[in-house]
Amino acid sequence: MLKKVFKSKQAVAGLLIILIVVFIAIFAPWLAPNQPEEINPAKKFTGASLEYPLGTDQLGRCIFSRLIYGARYSLGIAVPVLLVLAVISLLIGTIPPYLGGRFDQLFVVVSDIFMSFPPLLVVLSLVGALGQGILNIMIAVVFSMWVWFAKVVRSYVLLERKQGYIMAAKIAGCSDLKIITRHIIPNILPALLVYFSTGIAGMILMISGFSFLGLGITAGVPEWGAMLSSGKAYLYSHPLLLVYPGLFILFTATGFNLFGEALRDIISPEEV
Amino acid sequence: MLSVKNLAKQYTCRDKKGRKTIVKAVDDVSFILEEKKSYSLVGESGSGKSTLARLLLYIEKPTSGQIKIDQLDLAKMSTRELRNKRADIQMVMQDGQSSLDPSLKIYDSIAEPLRNFLKISKKEEKRRVEALISKVELPLAVLDRLPHQLSGGQQKRVTIARAISINPKFIVFDEAVSGLDVTVRKKILDLLLRLRDESGSSYLFITHDIDVAMYMARNILIMKDGKIVEQLENISSLTEFKHDYSKVLIRSLPPRTPGHRQVKI
C-alpha cells in the first residue's frame, strides 16, 4: 500500500502540503519574524515590508507571524480531536453491530437521537454551557461528531462480520473480543484511515468556522478562522486581511483532502 | 461420540405481503457419529446441510433438540466451555478464500487454533505449523504469504491444516471440495483420506455429490428438505439405497459414456 501511495501523484502532492503545514506548525517560533500577539498601535494596516512580510492588521500585529502560529491551532485542535474520535468510534462502533440483535438496535436508536441534532447546534449549546476555551471547543466537537464516526465504523463492521473468516475464527476458538481486535479491526482499518484522513480537512474547516463565529477561541488568538472573523470588518478597506487566512485554510484543507481521496482511490478497488 | 437428537432449526422470514412464514431448515434430525468412523451427508442445495453443519459446531443455536459430544450437552455449556469444546469438533468451510482472514499471513492463520486451544511456546508453535503445512503437502514458503496470493487448492489445504492442527475428534467438511477443478479435487480427497487414516479423527463430509460421498465414506446419510431420509452403514454399492429420493440422486449421476445417455442428442 505504501508503494502505491508514493506512486500516486495526488497522494504525494497532498502529503507534501500536509508536511509543509506540519513543518510550519512545529517550527513556528523560528519561522515567524515577530511575536504573533504583539500589538503595535502605531503601525496599523501597514503594507508589506521587510519587518512585516505581509503587513500588519488593525492592531498593528504582524499578519505573517499570526498566520504561521495559526497552523499550530488548526492542526493542534483538529488532529487530537480526530484521534479521540477515532478511538471512541472504534470502541463504540464495533461491539454493538458485532453482537447484533438488541445491542445493535439500541445503538442505532441512540445514535439516531444524536444524529438528529445538527453538530453546529450541539457545539453552540455546549460551548454556551462550558464557556470559551480551546479544550471546551474540542470537547464540544467530539461530543457532536462521535456518532457520525461510530456509524461509519458500524457500517464497515456489518459488512465484515458476515465474512466466512469470522465464522472460521470462531471455530478456531477465538473469543468475541479477539475476533473484534484481531480480525475485524485490522480488516476495516484501511477503509477507516481514508475516512479519518478526509475527516481532518472537514475538522479544520469546522474549527475555523466555529472560531469565525466566535465560538471557543478567545479574541486575539492567532487562529485562522478567528483572523477571518476579525478581518471581516475591514472587508472593503483592507480585503487582504481576509484573503491571507482564507488561503491558508484552503491550502491546509486541500492537502488533507487530496491525500485522503488519493488513499481512497488506492484502497477502494481492493474492496469491491 | 457425537449424538444428535430431534434437532430442529427454524427461521422466520417475511413473504412479499409481510406475513411471517416459518422455514424449517433442519427438521427433527437424529443421528449418531461414532469416533474413528467416516460419514457422508448427501443432499441437494437448500436441503439444510450447511445449517446442520453450523448447528453441529454450535455457531447457531438450534430451535429445539440436543447435541451431545461424549454425553455432554452443548446447550448446557457456558460460552467459555463451548469455546474450549471446539477443540473437539472443527469445520472446513466451502470457500477457502473467504474463510481465511485476508490480512493475516498463512502462518498466523494456521497458528491461530494452536494459540487459542493449547498453551505452547513460540518455538513449539513454529515446529507444529511447519509440520502441518508439510502434512497438507504445501511448501514452507507459503507460510509468509497472504491468502489472496494462493490458488484455490492451496487455500483449501491451508484451511484443512487449520482444522487438523489441534487433532479434533470430529471434523465437518462442508462442501469441502466443491468449486475446485476435478484433478485438484481428487488430490484433496485423497489427502483427506490419508490424513484421516493417520489421525484417527472422525470425518463428516457434507456434499451434494453422491460420487464424492461414496468415495469418502461407507456410512451415508441422505438429507432432503431438512430431514434425514435414509441412513446406511457400511454400504458397498449404489444398489443398497432404498429410499425413493436416494434413487433419484443416483439416477441423476452423469452417465459414464455418451452411450448411456437417457436423452439422445
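**Helices and an interface, question by question**

Chain A has eleven helices and zero strands, where helices (H or I, at least four residues) and strands (E, at least two) are DSSP runs numbered from the N terminus. This is a predicted model, in which local features need pLDDT of at least 70, side-chain atom pairs count only at pLDDT 80 or more, and totals for chains, interfaces and linings use all residues. Residues are numbered from 1 along each chain as its sequence is written.

Reader: Which residues make the contact between α5(B) and α6(B)?

Author: From α5(B) come B:G153, B:K156, B:R157, B:I160 and B:I164, and they meet B:V184, B:K187, B:I188, B:L191, B:L192 and B:L195 of α6(B); contact means heavy atoms within 4.5 Å. These residues divide into seven nonpolar, one polar and three charged, with Lys and Arg among the charged kinds, Val, Leu and Ile among the nonpolar, and Gly counted as polar.

Reader: How do you know what area is buried between chain B and chain A?

Author: Buried area is the accessible area (1.4 Å probe) that two parts lose on being put together, summed over both. For chain B and chain A that comes to about 1,600 Å², with carbon and sulfur atoms giving 59%. Here 20 residues of chain B are in contact with 16 residues of chain A.

Notes
Chains are lettered from A and ligands numbered from 1 in the order in which they are written. Side-chain values use heavy atoms; hydrogens and water are left out.
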